[in-house]
Amino acid sequence: MFRLLCLLASLLLIPAASQAQESFEATAAPLAGSFTAQAEAVERLGALGDPRALPLLQALAEGRLQKQADGTLLIAQNGAVREALSGAPAAGPGEVVRINNRVRAALRGALGRLQLMSPEEAVRAAAAEGLFRSRSAENIPLLEQALARETVPAVGRRMEMALAAARLMSGDVATRRAGIATLGASSSAEARGLLLEARAAGAETADGIDAAIAAIDGRLKLRQMAETAFQGLSLGSILLLAALGLAVTFGVMGVINMAHGEMVMLGAYTTVMVQEALRGIPWLAAWSLPLSVPAAFLVTAAVGVALERGLIRHLYGRPLETLLMTFGVGMILQQAVRLIFGAQNREVVSPAWMQGTLTLPGDVTVTQNRLWIILFALVVLGLTVAAIRFTRFGLEMRAVVQNRRIAATMGIRTGRVDAMTFAFGSGIAGMAGVAVSQIDNVSPNLGTGYIIDSFMVVVFGGVGSLAGTMIGAFTLGLVNKMLEPWAGAVLAKIAVLVGIMLFIQRRPKGLFALRGRAAEQ
Amino acid sequence: MSATTAHPPVRTALRPGLVLRGLLLGGLAILALLPVLNQLPQDSALHVSDFVVAVSGKWICYAILALAIDLAWGYAGILSLGHGAFFALGGYAMGMHLMRLIGPRGVYGHPVLPDFMVFLGWTELPWYWWGFQHFPFALLMALAVPGLLAGLVGWLAFRSRITGVYLSIITQAMTYALMLAFFRNDMGFGGNNGFTDFKELLGMPLNTSGARAALFYAALLALGAALLLCRHIARSKLGRVLVAVRDAESRLRFLGYDTTAVKLSVFVLSAMIAGLAGALYVPLVGIINPGEFSPGNSIEAVVWVAVGGRGTLVGALLGAFSVNALKTWLTSFAPDLWLFVLGGLFVAVTLLLPRGLAGLFRREEGR
């Protein structure tokens, strides 16, 4: 109680002391003196609110404060010893300043106050976090004071939590109830843990605690559902990107390209190459990822043209042979990349604007890069649909698919359209590779993991339907992520594969079966 | 889409040329001699090393697998990219038997449980391991489990008229899913280490040359039996129907044939032959792990058949032996090149040599 009074008294001193800035040195000097003088000095330094006091008191608490025979204070840090007040290098090490429990107690209060009132936001937040963990009723007045002065809402919320945690330890039932109410309004697992502990400790407030825990559980569950949904959308967007190119080459052209996964892999390696080429140009380096998108499209489209003109066109109408042949091409591409770039993973750095997490209302955290990938997938989908619907190339492509011979008599160069379509599908796979490089290891066998999933998406959604591909990709992504908490990642994947096989029993043509003339393909 | 252009004519399919027949009989005779030559003294000019015997034993099992694929693909037109799974399941069934026979000789010395179960802290044998201490039961399972799986997948697929590449992708997904499942420790199949360190089979210790020779001859015998069985089917009425299913399924259905049943039965039989190959393979190589389920293995086996020439049976053997010989030879001195060569084989055989090596002989004969 005495200590509490001391704290209150020193808090009252703040305005007076802050006017006496010049007396910092004088206030710090007794730290070299007796324990009683030390404790008083610590309390006055804490009240003074001078930022220079923080390193000094931290050094004292950690046993790094030293004194010379003339009373000059030194701080040892990282092996070097400097004068505490001037910062000048010291002639030599001094005697370590010893402290007792009374000084230690004073230090805790003073350090907490200095940090809570620090001009730096991060320091204040960390201090609130520390007090939340240490939770002691003694901190209540200190936190109330700091909360009243706080202007940054995020830090204020942390202080409120710390205050509630401190109130939970109070002897007064009304104060405890206030703390329980604040904690119950949050949606943090830590608050739930505190409440559980408090429930075990005392029976007086049990009803309030139960209600608070139930409220937190409800919110946690909701948040978890939201996060699962986000993960599902994220997986779905990757599946969509990987399957979209396949929806063009397989769905529209009917060419089964088992090297499709390798196109994704080539796109990812193009991203690595672009990043490395731009490393020397600082103002461009930050834009290497957006620049990789067209680069990857061009590289994989070129590979696609070579593949279609050189090999695949000789096998039209023989899907099983095409499947085997393209599998061999995939093998060759994989091994070539392995020999050129090495078998180990390559790293792609995410630009700053893609890093970090975003906190949505309700404390739902989402990673920025996955959010960008979802957006990117939707943009690529939009561009693909637009290219097929509204461009001359798209028109010719649809004409060739519907009736090759009549298209040819109309003057459409069908061979050229075939090559362009295949290049288009491959280019989309390359762009998928740019996105994949952000969340997956870039290695030569990156593509093998995507090929089966992509086919499942295309078959599930309905061959030849881009809308079906989108719905299929997001459905499979969501179902996969929703099953994962129950069954584990592997069993979820197996369940999805089995589910698709059973689904095809009911709807052999997929979710969105083509009707009319195109269905005869 | 016309499927007829993709396949060799039926007429010659059952009549391998004289050259081919000579190759086949000569090859089998040389194989049969290998374990004998292995017994010759080291300095003899005709001595064959243990390595050659072991490797050719492996190839014999691969050749049985290739036969199974040829029966389904070459005759019925069912391109399964999941036959490696049937092979591996047969191998796992035999592996379970071999694990049970280790008995108390394991590292942990448990009288019943295999080492990996003791390691996982299991105290009881799971129900699906019951009965595997009996050889006939294990052999039955090596045939029945792949057969049942093929029956289930085939029934689901064929009754929905899933054909061509769709079936290929589904079977590939099947083996991929099984690979993921078998990699899990809690499945009770040894996780990613699989089974190894076998001690004995049918009362004979596995590490003697006598046992190796016995296993070798068992595999060779099985190969001969499988070849005769497939040949018999190919020459029977069923074989004709199979070829008809391959070339014009709809027409056959309109004529009143139950093509679903025909395809299903040949797919199941093919899976059982593949399972038998796996069951012979595991004691020969002494290990089985989930890597055998990898989709790459299945598709590699398909390429043996493609290289040899599908729809000929002899071609499957020819392809299995020649591609694997090339692989063994190439990976010993230029391992980096092998995948290029394998990939190149896929491309070359589909573009330039659709009838495979057997087709080369056949064409000469035709002229």
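I start in chain B, where B:D197 sits in the loop between β1 (195-196) and β2 (200-201). Strands here, like helices, are DSSP runs numbered from the N terminus, with at least two residues of type E for a strand and at least four of type H or I for a helix. Before going on, the ground rules: this is a predicted model, local features need pLDDT of at least 70, side-chain atom pairs count only at pLDDT 80 or more, and totals for chains, interfaces and linings use all residues. Residues are numbered from 1 along each chain as its sequence is written, chains are lettered from A and ligands numbered from 1 in the order in which they are written, and side-chain values use heavy atoms, with hydrogens and water left out.

Back to B:D197. Its phi is near 65°, a positive value in a residue other than glycine. Most residues other than glycine have a negative phi. With a relative accessible area of 47%, B:D197 is partly exposed; buried means under 20%, exposed over 50%, and partly exposed in between, using a 1.4 Å probe and protein chains only.

B:L313 also has a positive phi, about 65°, and is not a glycine. This residue is in the loop between α10 (295-308) and α11 (314-333) of chain B. Is B:L313 buried or exposed? B:L313 counts as buried, at 3% relative accessibility.

Now chain B as a whole. It has 13 helices and four strands. Its radius of gyration is 21 Å, which agrees with the value near 21 Å for a compact globule of 367 residues. That radius is taken over C-alpha atoms, and the globule rule is 2.2 Å times the number of residues to the power 0.38. The C-alpha trace spans about 65 × 55 × 40 Å along its principal axes. Of the 367 residues in chain B, 54% are buried. Among contacts in chain B with a separation of 6 or more, 78% join residues 24 or more positions apart, a contact being heavy atoms within 4.5 Å.

Next, chain A and its sheet. In what order do the four strands of the open sheet run? The order is β3-β2-β1-β4, and the pairing is antiparallel. The edge strands are β3 and β4 (95-96), each pairing on one side only. Two strands pair if DSSP finds at least two bridges between them.

Strands β2 (residues 73-77) and β3 (residues 80-83) of chain A pair over four bridges in the antiparallel sense, and A:A76 has A:V81 as its bridge partner. The two strands form a hairpin with two residues between them, and A:N78 in the turn has a positive phi of about 50°.

Last, A:Y316, in the loop between α14 (288-310) and α15 (319-341) of chain A. A:Y316 is partly exposed at 31% relative accessibility. Leaving out residues up to four places away in sequence, A:Y316 touches A:M253, A:V255, A:E308 and A:D418. The C-alpha atoms of A:Y316 and A:M253 are separated by 9.8 Å, with the two residues 63 apart along the chain.
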